[in-house]
Amino acid sequence: MTTTKSKTVYTPGFTDGTEFRIPTFKLLKQDGSLYKGGKAPDIDKEKALRIYHAMVTTRVLDERMLAAQRQGRLSFYMQCTGEEAAIIGSTAALDDADMIMAQYREQGSLAYRGFTIDEFMNQLFGNEKDYGKGRQMPVHYGSSKLNYMTISSPLATQIPQATGYAYGQKMAGDGHCTTVYFGEGAASEGDFHAGLNMAAVHRVPAIFFCRNNGYAISTPAVEQYAADGIAPRGVGYKMDTIRVDGNDILAVYQATEAARKLAVEENRPVLIEAMTYRLAAHSSSDDPSGYRSKDEEAVWREKDPILRMYNWLAAKKWWSASEEKKLQERLRREVLDTMKRAQKLPPPPLETLVTDVYDEVPPLLQAQFEKLKAHIRKYPDEYPKSAAHVQGGA
């Protein structure tokens with residue numbers, strides 16, 4: 001049984017959807033001008049510069065921290081480079097009280113909402129000020145005050161979680177939604193289909209934001225799916241769907257703004273597919289030269305989303321080359337100074353290993369912890385940071 005009436009035919013006929021193509025919404029050309037017929041969303045100068053500063057902050061942070069990883073100062077890093085417009089443009093169209101459930105390339109969302117360089121560094125180095133108490137890998141951020149759910153490593157787990165959280169928002173009736181980010185590779189996980197189907201059936205205020213950056217690590221899109229990208233899957237679940245140029249900050253903003261209106265006012269979940277490109281490696285452990293060409297990367301560097309927004313701001317007389325130079329210099333200095341400061345901070349206290357689960361640490365867990373301290377005292381050279389916490393029988 002279907003949920004809609006179906007036309008009856010008397011000879012077999014098949015369809016593979018080739019007659020159905022989803023268009024790509026665009027507004028802004030690379031030179032900063034609008035396409036003919038396009039109308040920019042209502043963004044004032046203050047908000048535009050807030051968006052742009054977050055984009056540049058994310059790019060500078062990514063450049064410096066990848067360099068730090070290569071120097072051995074950091075164990076791991078993942079960049080957002082090339083995808084800043086998709087992430088920050090969509091975040092800017094949300095209410096700051098809306099929940100964000102990220103994958104692992106959405107540091108720009110935090111930068112836009114006010115996550116400080118100190119907060120980034122504390123998490124990356126897992127020091128005593130890290131909100132996660134050193135329990136997570138680098139780039140697994142979280143911030144309850146900024147409504148940004150802590151990232152978990154397994155792909156796509158956040159998608160059905162977003163549906164559940166959005167269902168709670170629907171029940172609360174507080175006028176907020178949940179936006180969940182994932183790549184087109186994660187859309188191959190079963191959690192994607194479970195999450196979207198539940199959202200469509202229960203009509204929850206959720207925005208499913210797919211960053212289609214062309215690669216699932218080293219697997220190109222042409223080897224991931226035969227259909228017309230990810231967007232048609234939303235239609236398959238009878239979900240409002242739009243495809244947008246993910247390097248076009250204005251188009252992403254306007255599409256997300258409209259999606260949020262549908263989600264919050266009508267409890268209609270939305271799938272947004274942002275067509276973009278991962279200019280950087282998948283992570284600091286990846287070498288993209290093994291699966292894509294420099295010529296391909298060069299083509300996409302010409303479509304840099306930050307340069308596109310810079311050109312738009314400059315055309316409006318809202319930004320200049322001199323202001324750009326000052327911003328870049330300030331951010332580079334701040335990132336380096338903050339990194340040095342974060343590196344010097346000690347790790348979280350050793351006893352935090354056994355807290356946060358029970359109201360009081362149970363005897364068995366406390367006994368295990370005492371054995372751990374004894375082990376560290378016996379081999380202090382093997383655990384130099386932890387040894388400082390247990391010296392003298394502490």
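I began with burial: 48% of the 394 residues in the protein chain are buried (under 20% relative accessible area with a 1.4 Å probe, protein chains only). This is a predicted model, where local features need pLDDT of at least 70, side-chain atom pairs count only at pLDDT 80 or more, and totals for chains, interfaces and linings use all residues. Residues are numbered from 1 along each chain as its sequence is written, and side-chain values use heavy atoms, with hydrogens and water left out.

Next I looked up the secondary structure and found 13 helices and 9 strands in the protein chain (DSSP runs, H or I of at least four residues for helices and E of at least two for strands, numbered from the N terminus). The radius of gyration is 23 Å, close to the 21 Å from the globule rule for 394 residues, so the protein chain is as compact as a globular protein of that length (taken over C-alpha atoms; the rule is 2.2 Å times the number of residues to the power 0.38). I also noted a C-alpha box of roughly 85 × 60 × 45 Å along the principal axes.

Then I turned to Asn 122, which I found in helix 4, residues 117-125. Asn 122 counts as buried because its relative accessibility is 8%. Leaving out residues up to four places away in sequence, I see Asn 122 touching Asn 127, Lys 129, Asp 130, Ala 342 and Leu 345 (contact means heavy atoms within 4.5 Å).

Definitions and conventions
Buried < 20%, exposed > 50% of the residue type's maximum accessible area, 1.4 Å probe, protein only.
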